Amino acid sequence: MWELSKILNLDQGDILLNKLQKAGVAFAAWKMPNDVSIQLIISLNNTVKSNDLQLSEIGAGFLINEYADNHPIKPYYISADIVVKDNQTSINPNVKSSEIDEFVKQMNDPSFTKTVDSSEKSIFSSNEFEEAVQQAILEIKDGSFEKIVLSRYKDEPLPAGFSIWEFFQTICSTYKNAFCSISHIPGKRVWIGASPELLISDSVNQFRTVSLAGTKALEEGQELSEIAWTQKEIEEQALVSRYIINCFKKIRLREFHEHGPKTIQAGNLAHLKTEFIVDYSELGFDELADQMLELLHPTSAVCGMPIENTKPWIKEVEKYNREFYSGFLGPINFEGSTDLFVNLRCMRLSENKIRFYAGAGITEDSIPKKEYLETEMKMNVLKRLL
(Lines give C-alpha, C1' and ligand atoms only; values in the text may rest on other atoms or scores of the structure.)
Protein backbone atom coordinates (compact mmCIF):
# COMPACT_ATOMS: atom_id res chain seq x y z
CA MET A 1 0.00 0.00 0.00
CA TRP A 2 2.93 2.34 0.73
CA GLU A 3 4.27 1.89 -2.80
CA LEU A 4 0.79 2.48 -4.27
CA SER A 5 0.37 5.71 -2.29
CA LYS A 6 3.79 6.86 -3.48
CA ILE A 7 2.76 6.30 -7.11
CA LEU A 8 -0.63 7.99 -6.70
CA ASN A 9 0.69 11.33 -5.47
CA LEU A 10 -1.43 14.20 -6.83
CA ASP A 11 1.30 16.66 -5.82
CA GLN A 12 3.14 15.14 -8.79
CA GLY A 13 0.01 14.84 -10.89
CA ASP A 14 1.73 15.36 -14.23
CA ILE A 15 4.11 12.45 -13.66
CA LEU A 16 1.21 10.27 -12.54
CA LEU A 17 -1.00 11.06 -15.55
CA ASN A 18 1.87 10.50 -17.99
CA LYS A 19 2.56 7.10 -16.46
CA LEU A 20 -1.12 6.15 -16.59
CA GLN A 21 -1.29 7.08 -20.29
CA LYS A 22 1.89 5.20 -21.17
CA ALA A 23 0.70 2.15 -19.25
CA GLY A 24 -2.58 2.20 -21.20
CA VAL A 25 -4.69 2.68 -18.06
CA ALA A 26 -8.15 4.30 -18.14
CA PHE A 27 -8.65 7.14 -15.66
CA ALA A 28 -10.80 10.18 -15.02
CA ALA A 29 -10.46 13.19 -12.74
CA TRP A 30 -13.08 15.84 -12.14
CA LYS A 31 -14.32 18.79 -10.12
CA MET A 32 -18.05 19.32 -9.69
CA PRO A 33 -19.57 22.79 -10.28
CA ASN A 34 -19.14 25.15 -7.33
CA ASP A 35 -16.86 22.68 -5.55
CA VAL A 36 -13.11 22.75 -5.02
CA SER A 37 -12.23 19.09 -4.46
CA ILE A 38 -10.71 17.07 -7.27
CA GLN A 39 -11.27 13.34 -7.44
CA LEU A 40 -9.25 10.90 -9.53
CA ILE A 41 -10.39 7.36 -10.30
CA ILE A 42 -8.39 4.61 -11.99
CA SER A 43 -9.73 1.46 -13.61
CA LEU A 44 -7.71 -1.75 -13.29
CA ASN A 45 -9.87 -3.57 -15.81
CA ASN A 46 -10.54 -3.18 -19.51
CA THR A 47 -12.85 -0.24 -20.15
CA VAL A 48 -16.32 -1.53 -21.01
CA LYS A 49 -18.38 -0.17 -23.88
CA SER A 50 -21.99 -1.32 -23.62
CA ASN A 51 -25.36 -0.66 -25.20
CA ASP A 52 -27.14 -2.52 -22.41
CA LEU A 53 -26.58 0.12 -19.74
CA GLN A 54 -28.65 0.42 -16.57
CA LEU A 55 -27.29 3.27 -14.49
CA SER A 56 -28.56 1.93 -11.18
CA GLU A 57 -26.92 -1.47 -11.74
CA ILE A 58 -23.39 -0.24 -12.44
CA GLY A 59 -20.86 0.36 -9.69
CA ALA A 60 -19.24 3.71 -8.96
CA GLY A 61 -17.25 5.05 -11.89
CA PHE A 62 -17.17 7.45 -14.81
CA LEU A 63 -19.02 7.36 -18.14
CA ILE A 64 -17.96 8.95 -21.39
CA ASN A 65 -20.06 8.63 -24.53
CA GLU A 66 -19.37 9.72 -28.09
CA TYR A 67 -21.67 12.17 -29.86
CA ALA A 68 -22.61 9.66 -32.57
CA ASP A 69 -23.55 6.82 -30.19
CA ASN A 70 -27.24 7.14 -29.43
CA HIS A 71 -30.42 5.06 -29.57
CA PRO A 72 -29.03 2.97 -28.01
CA ILE A 73 -26.27 4.86 -26.26
CA LYS A 74 -22.98 2.96 -25.98
CA PRO A 75 -20.88 4.64 -23.29
CA TYR A 76 -17.40 3.75 -22.13
CA TYR A 77 -17.33 2.92 -18.41
CA ILE A 78 -14.28 3.62 -16.23
CA SER A 79 -14.70 1.69 -13.00
CA ALA A 80 -13.62 3.36 -9.75
CA ASP A 81 -11.23 0.60 -8.70
CA ILE A 82 -8.85 3.13 -7.14
CA VAL A 83 -10.01 6.51 -5.86
CA VAL A 84 -7.66 9.37 -4.95
CA LYS A 85 -9.06 12.43 -3.19
CA ASP A 86 -7.00 14.98 -1.24
CA ASN A 87 -4.07 12.56 -1.60
CA GLN A 88 -6.03 9.90 0.29
CA THR A 89 -6.23 6.61 -1.60
CA SER A 90 -9.07 4.10 -1.29
CA ILE A 91 -9.46 0.79 -3.12
CA ASN A 92 -12.68 -0.93 -4.18
CA PRO A 93 -13.13 -3.93 -1.85
CA ASN A 94 -13.74 -6.16 -4.88
CA VAL A 95 -10.25 -5.48 -6.23
CA LYS A 96 -7.83 -8.36 -5.70
CA SER A 97 -4.36 -7.82 -4.24
CA SER A 98 -2.90 -9.47 -7.34
CA GLU A 99 -4.53 -6.76 -9.49
CA ILE A 100 -2.90 -4.06 -7.36
CA ASP A 101 0.48 -5.78 -7.64
CA GLU A 102 0.11 -5.96 -11.43
CA PHE A 103 -0.88 -2.27 -11.57
CA VAL A 104 2.17 -1.21 -9.53
CA LYS A 105 4.41 -3.28 -11.80
CA GLN A 106 2.79 -1.75 -14.89
CA MET A 107 3.27 1.78 -13.57
CA ASN A 108 6.93 1.18 -12.78
CA ASP A 109 7.67 -0.29 -16.20
CA PRO A 110 5.08 1.04 -18.68
CA SER A 111 5.11 0.28 -22.38
CA PHE A 112 4.15 3.13 -24.62
CA THR A 113 2.25 3.00 -27.91
CA LYS A 114 1.86 6.19 -29.89
CA THR A 115 -1.58 7.16 -31.14
CA VAL A 116 -1.49 8.22 -34.78
CA ASP A 117 -3.48 11.33 -35.57
CA SER A 118 -6.06 11.10 -38.32
CA SER A 119 -6.00 13.36 -41.37
CA GLU A 120 -9.63 14.48 -41.21
CA LYS A 121 -10.76 17.60 -42.96
CA SER A 122 -12.97 20.00 -41.06
CA ILE A 123 -14.58 23.35 -41.78
CA PHE A 124 -11.58 25.47 -40.87
CA SER A 125 -11.94 28.84 -42.53
CA SER A 126 -14.44 31.55 -41.82
CA ASN A 127 -15.77 31.43 -45.38
CA GLU A 128 -16.32 27.65 -45.39
CA PHE A 129 -18.16 27.69 -42.07
CA GLU A 130 -20.28 30.68 -43.00
CA GLU A 131 -21.28 29.01 -46.28
CA ALA A 132 -22.39 25.93 -44.34
CA VAL A 133 -24.40 28.14 -41.96
CA GLN A 134 -26.09 29.84 -44.92
CA GLN A 135 -26.94 26.43 -46.35
CA ALA A 136 -28.43 25.41 -42.98
CA ILE A 137 -30.55 28.58 -42.86
CA LEU A 138 -32.02 27.77 -46.27
CA GLU A 139 -32.83 24.22 -45.11
CA ILE A 140 -34.60 25.62 -42.05
CA LYS A 141 -36.62 28.06 -44.12
CA ASP A 142 -37.59 25.21 -46.44
CA GLY A 143 -38.95 23.31 -43.44
CA SER A 144 -36.32 20.52 -43.28
CA PHE A 145 -35.24 21.49 -39.75
CA GLU A 146 -36.36 23.70 -36.87
CA LYS A 147 -32.79 24.23 -35.71
CA ILE A 148 -29.41 22.74 -36.51
CA VAL A 149 -26.06 22.85 -34.72
CA LEU A 150 -22.89 23.02 -36.79
CA SER A 151 -19.47 22.53 -35.25
CA ARG A 152 -15.85 22.88 -36.24
CA TYR A 153 -12.45 22.16 -34.76
CA LYS A 154 -9.10 23.90 -34.78
CA ASP A 155 -5.69 22.32 -34.17
CA GLU A 156 -2.97 24.19 -32.33
CA PRO A 157 0.62 23.07 -31.62
CA LEU A 158 1.13 21.65 -28.14
CA PRO A 159 3.06 24.36 -26.22
CA ALA A 160 6.55 23.44 -25.10
CA GLY A 161 6.55 22.18 -21.53
CA PHE A 162 2.78 21.83 -21.46
CA SER A 163 1.63 20.21 -18.19
CA ILE A 164 -1.68 18.34 -18.38
CA TRP A 165 -2.20 18.35 -14.63
CA GLU A 166 -1.31 22.03 -14.15
CA PHE A 167 -3.62 23.02 -17.01
CA PHE A 168 -6.43 20.95 -15.49
CA GLN A 169 -5.90 22.63 -12.12
CA THR A 170 -5.98 26.01 -13.89
CA ILE A 171 -9.37 25.40 -15.52
CA CYS A 172 -10.71 24.10 -12.18
CA SER A 173 -9.73 27.33 -10.42
CA THR A 174 -10.81 29.56 -13.33
CA TYR A 175 -14.22 28.04 -14.10
CA LYS A 176 -15.59 27.47 -10.62
CA ASN A 177 -19.21 26.90 -11.72
CA ALA A 178 -18.34 24.43 -14.50
CA PHE A 179 -17.89 20.66 -14.48
CA CYS A 180 -14.16 20.35 -15.10
CA SER A 181 -12.78 16.98 -16.15
CA ILE A 182 -9.86 15.12 -17.62
CA SER A 183 -10.32 11.60 -18.92
CA HIS A 184 -8.38 8.93 -20.75
CA ILE A 185 -9.63 5.86 -22.58
CA PRO A 186 -6.76 3.79 -24.07
CA GLY A 187 -6.66 4.46 -27.81
CA LYS A 188 -8.95 7.51 -27.49
CA ARG A 189 -6.42 10.08 -26.27
CA VAL A 190 -6.79 12.48 -23.33
CA TRP A 191 -9.78 14.85 -23.19
CA ILE A 192 -9.97 17.94 -21.00
CA GLY A 193 -12.99 20.20 -20.58
CA ALA A 194 -14.96 22.70 -18.53
CA SER A 195 -18.60 22.05 -19.39
CA PRO A 196 -21.33 24.51 -18.36
CA GLU A 197 -24.18 22.14 -19.36
CA LEU A 198 -25.73 19.46 -17.17
CA LEU A 199 -27.34 16.61 -19.09
CA ILE A 200 -28.84 14.67 -16.18
CA SER A 201 -28.38 14.57 -12.42
CA ASP A 202 -30.01 11.75 -10.48
CA SER A 203 -29.96 11.22 -6.71
CA VAL A 204 -32.20 9.71 -4.04
CA ASN A 205 -34.22 12.93 -3.79
CA GLN A 206 -34.53 14.31 -7.30
CA PHE A 207 -33.81 14.24 -11.02
CA ARG A 208 -32.53 17.34 -12.83
CA THR A 209 -31.77 18.40 -16.36
CA VAL A 210 -31.27 21.79 -18.02
CA SER A 211 -31.69 23.51 -21.34
CA LEU A 212 -28.76 25.79 -22.14
CA ALA A 213 -28.49 27.83 -25.32
CA GLY A 214 -27.76 31.33 -26.55
CA THR A 215 -24.25 32.73 -26.20
CA LYS A 216 -22.89 36.23 -25.61
CA ALA A 217 -19.46 37.46 -24.64
CA LEU A 218 -19.40 38.78 -21.09
CA GLU A 219 -17.33 41.93 -20.83
CA GLU A 220 -15.15 42.51 -17.78
CA GLY A 221 -17.21 44.04 -15.00
CA GLN A 222 -20.48 43.55 -16.89
CA GLU A 223 -23.46 42.44 -14.80
CA LEU A 224 -25.59 39.54 -15.97
CA SER A 225 -28.66 41.76 -15.69
CA GLU A 226 -27.17 44.01 -18.39
CA ILE A 227 -27.16 41.24 -21.02
CA ALA A 228 -29.75 41.90 -23.75
CA TRP A 229 -30.86 38.79 -25.65
CA THR A 230 -32.04 38.88 -29.24
CA GLN A 231 -35.12 37.07 -30.56
CA LYS A 232 -32.83 34.54 -32.27
CA GLU A 233 -31.13 33.59 -29.00
CA ILE A 234 -34.39 33.46 -27.03
CA GLU A 235 -35.98 31.19 -29.64
CA GLU A 236 -32.88 28.98 -29.81
CA GLN A 237 -33.05 28.38 -26.07
CA ALA A 238 -36.83 27.88 -26.12
CA LEU A 239 -36.41 25.11 -28.72
CA VAL A 240 -34.11 23.21 -26.36
CA SER A 241 -36.60 23.62 -23.50
CA ARG A 242 -39.45 22.35 -25.67
CA TYR A 243 -37.32 19.37 -26.65
CA ILE A 244 -36.89 18.41 -22.97
CA ILE A 245 -40.60 18.82 -22.26
CA ASN A 246 -41.40 16.61 -25.25
CA CYS A 247 -39.07 13.96 -23.79
CA PHE A 248 -41.03 14.11 -20.54
CA LYS A 249 -44.26 13.70 -22.52
CA LYS A 250 -42.93 10.60 -24.29
CA ILE A 251 -42.62 8.80 -20.94
CA ARG A 252 -45.89 10.33 -19.65
CA LEU A 253 -44.19 12.41 -16.97
CA ARG A 254 -46.12 15.59 -16.23
CA GLU A 255 -45.10 16.42 -12.66
CA PHE A 256 -41.95 18.50 -13.00
CA HIS A 257 -40.79 21.95 -11.92
CA GLU A 258 -39.47 24.41 -14.50
CA HIS A 259 -37.24 27.33 -13.48
CA GLY A 260 -36.11 29.89 -16.01
CA PRO A 261 -34.96 30.97 -18.44
CA LYS A 262 -32.36 33.05 -16.69
CA THR A 263 -28.97 34.41 -17.67
CA ILE A 264 -26.01 32.53 -16.24
CA GLN A 265 -22.25 32.97 -16.48
CA ALA A 266 -19.92 30.32 -17.87
CA GLY A 267 -16.41 31.69 -17.73
CA ASN A 268 -16.29 34.78 -19.91
CA LEU A 269 -19.53 33.82 -21.70
CA ALA A 270 -23.20 34.22 -20.81
CA HIS A 271 -25.98 31.76 -21.69
CA LEU A 272 -29.71 31.35 -21.20
CA LYS A 273 -30.58 28.47 -18.89
CA THR A 274 -33.79 26.74 -17.80
CA GLU A 275 -33.71 24.05 -15.12
CA PHE A 276 -36.15 21.12 -14.93
CA ILE A 277 -36.55 19.24 -11.64
CA VAL A 278 -38.48 16.09 -10.77
CA ASP A 279 -38.95 15.72 -7.00
CA TYR A 280 -39.01 12.03 -6.06
CA SER A 281 -40.90 12.80 -2.84
CA GLU A 282 -43.79 13.99 -5.02
CA LEU A 283 -43.50 11.31 -7.68
CA GLY A 284 -42.12 7.79 -7.76
CA PHE A 285 -40.66 7.02 -11.18
CA ASP A 286 -38.49 3.95 -11.72
CA GLU A 287 -35.56 4.19 -14.13
CA LEU A 288 -36.25 7.85 -14.95
CA ALA A 289 -32.52 8.61 -15.38
CA ASP A 290 -32.04 5.74 -17.85
CA GLN A 291 -35.08 6.71 -19.90
CA MET A 292 -34.22 10.40 -20.04
CA LEU A 293 -30.57 9.74 -20.86
CA GLU A 294 -31.65 7.63 -23.82
CA LEU A 295 -34.12 10.31 -24.99
CA LEU A 296 -31.98 13.38 -24.40
CA HIS A 297 -28.69 12.39 -26.04
CA PRO A 298 -27.73 14.02 -28.30
CA THR A 299 -29.65 17.07 -27.14
CA SER A 300 -31.06 19.61 -29.54
CA ALA A 301 -28.42 21.98 -28.16
CA VAL A 302 -25.68 19.98 -29.91
CA CYS A 303 -27.57 18.40 -32.82
CA GLY A 304 -30.73 20.37 -33.60
CA MET A 305 -34.33 19.38 -34.29
CA PRO A 306 -35.66 17.00 -35.46
CA ILE A 307 -32.70 14.73 -34.78
CA GLU A 308 -33.62 12.15 -37.43
CA ASN A 309 -33.13 14.86 -40.08
CA THR A 310 -30.36 16.98 -38.58
CA LYS A 311 -27.92 14.25 -37.55
CA PRO A 312 -27.29 12.79 -41.05
CA TRP A 313 -27.16 16.29 -42.54
CA ILE A 314 -24.54 17.35 -39.96
CA LYS A 315 -22.40 14.30 -40.74
CA GLU A 316 -22.44 15.10 -44.45
CA VAL A 317 -21.62 18.78 -44.03
CA GLU A 318 -19.08 18.71 -41.17
CA LYS A 319 -16.98 15.91 -42.73
CA TYR A 320 -15.27 14.93 -39.48
CA ASN A 321 -15.85 12.70 -36.48
CA ARG A 322 -16.80 14.67 -33.37
CA GLU A 323 -15.74 11.71 -31.20
CA PHE A 324 -16.38 12.67 -27.55
CA TYR A 325 -17.05 16.33 -28.33
CA SER A 326 -20.78 17.04 -27.71
CA GLY A 327 -21.21 13.57 -26.24
CA PHE A 328 -21.64 13.25 -22.48
CA LEU A 329 -19.46 12.36 -19.51
CA GLY A 330 -19.40 12.34 -15.73
CA PRO A 331 -19.36 10.31 -12.51
CA ILE A 332 -22.06 7.71 -11.89
CA ASN A 333 -23.22 6.25 -8.57
CA PHE A 334 -20.53 8.31 -6.90
CA GLU A 335 -21.23 9.58 -3.40
CA GLY A 336 -24.94 8.89 -3.86
CA SER A 337 -25.41 10.68 -7.17
CA THR A 338 -25.07 10.31 -10.93
CA ASP A 339 -24.10 13.53 -12.72
CA LEU A 340 -23.59 13.55 -16.48
CA PHE A 341 -22.66 16.64 -18.48
CA VAL A 342 -22.60 17.50 -22.17
CA ASN A 343 -18.96 17.47 -23.28
CA LEU A 344 -18.60 21.10 -24.35
CA ARG A 345 -15.74 23.62 -24.02
CA CYS A 346 -13.38 20.72 -24.42
CA MET A 347 -10.11 19.82 -26.13
CA ARG A 348 -8.35 16.65 -27.20
CA LEU A 349 -4.63 16.11 -26.60
CA SER A 350 -2.41 14.31 -29.09
CA GLU A 351 1.33 13.76 -29.29
CA ASN A 352 2.13 17.22 -30.57
CA LYS A 353 -1.12 19.17 -30.83
CA ILE A 354 -4.30 20.25 -29.10
CA ARG A 355 -7.65 20.08 -30.88
CA PHE A 356 -10.30 22.60 -29.80
CA TYR A 357 -13.99 22.17 -30.64
CA ALA A 358 -17.00 24.49 -30.76
CA GLY A 359 -20.44 24.64 -32.29
CA ALA A 360 -23.21 27.15 -32.94
CA GLY A 361 -26.97 26.74 -32.95
CA ILE A 362 -28.46 27.82 -36.27
CA THR A 363 -32.02 29.14 -36.65
CA GLU A 364 -33.63 31.01 -39.54
CA ASP A 365 -32.63 34.28 -37.84
CA SER A 366 -28.93 33.36 -37.74
CA ILE A 367 -26.26 35.60 -39.25
CA PRO A 368 -23.39 33.44 -40.63
CA LYS A 369 -20.56 35.76 -39.56
CA LYS A 370 -21.88 35.95 -35.99
CA GLU A 371 -22.17 32.17 -35.78
CA TYR A 372 -18.53 31.80 -36.82
CA LEU A 373 -17.47 34.35 -34.21
CA GLU A 374 -19.49 32.43 -31.61
CA THR A 375 -17.43 29.30 -32.29
CA GLU A 376 -14.25 31.35 -31.90
CA MET A 377 -15.47 32.68 -28.54
CA LYS A 378 -16.24 29.17 -27.32
CA MET A 379 -12.84 27.82 -28.36
CA ASN A 380 -11.17 30.68 -26.51
CA VAL A 381 -12.67 29.51 -23.20
CA LEU A 382 -9.80 27.03 -22.95
CA LYS A 383 -7.35 28.47 -25.51
CA ARG A 384 -6.90 31.71 -23.57
CA LEU A 385 -5.59 29.76 -20.56
CA LEU A 386 -2.64 28.45 -22.59
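Guide: Contact is taken to mean heavy atoms within 4.5 Å. The model under discussion is a predicted one.

Visitor: With which residues is leucine 293 in contact, leaving aside its neighbours within four places in sequence?

Guide: Leucine 293 is among the residues that touch the most other members of the largest nonpolar core, which has 76 residues. Its contacts beyond four places in sequence are Leu53, Leu55, Ile73, Leu199, Ile200, Phe328 and Leu340.

Visitor: How many residues does the other core have?

Guide: Ile41, Phe62, Ile200, Phe207, Leu288, Met292 and Leu293 touch the most other members in the largest core. Apart from that core lies another, with Leu40, Ile192, Leu269 and Leu382 among its members. The number of residues in this other core is 44.

Visitor: Is leucine 218 buried or exposed?

Guide: Leucine 218 is located in the loop between β12 (206–217) and α6 (231–250). Buried means under 20% relative accessible area. Leucine 218 has 12% relative accessibility and therefore counts as buried.

Visitor: How far apart in space are leucine 218 and leucine 269, C-alpha to C-alpha?

Guide: Beyond four places in sequence, leucine 218 touches several residues, including Asn268, Leu269 and Ala270. Leucine 218 and leucine 269 are 51 residues apart in sequence. In space, their C-alpha to C-alpha separation is 5.0 Å.

Visitor: Which are the edge strands of the open sheet of 9 strands?

Guide: The order of this antiparallel sheet is β3-β5-β4-β16-β17-β11-β12-β14-β13. An edge strand here pairs on one side only. Those strands are β3 (48–49) and β13 (257–266).

Visitor: At about what angle to β12 does α9 run?

Guide: Helix α9 comprises residues 368–383 and reaches 23 Å from its first C-alpha to its last, close to the 22 Å expected. Its buried residues include Tyr372, Met379, Val381 and Leu382. The helix lies across β12 and β14, and its angle to β12 is about 115°.

Visitor: Which residue in β18 is the bridge partner of isoleucine 192?

Guide: An open, antiparallel sheet of 10 strands has the order β7-β6-β2-β1-β9-β10-β18-β19-β8-β15. Within it, strand β10 (residues 190–195) is joined to strand β18 (residues 346–349) by 4 bridges. The partner of isoleucine 192 in β18 is methionine 347.

Visitor: Across which strands does helix α4 lie?

Guide: Helix α4 spans residues 126–141 and runs at about 170° to β8. The strands it lies across are β8 (147–157) and β19 (353–362).

Note on methods
Residues numbered from 1 in each chain as written. Predicted model: local features only at pLDDT ≥ 70, side-chain atom pairs only at ≥ 80, totals over all residues. Heavy atoms only, no water. Helix = DSSP H or I, 4+ residues; strand = E, 2+ residues; numbered from the N terminus. Buried < 20%, exposed > 50% of the residue type's maximum accessible area, 1.4 Å probe, protein only. Expected span 1.5 Å × (residues − 1). Pairing = 2+ DSSP bridges. Axes fitted to C-alpha atoms, helices over the stretch in contact; angles between N-to-C directions. Core = buried A, V, L, I, M, F, W, Y, C linked by side-chain atoms within 4.5 Å.
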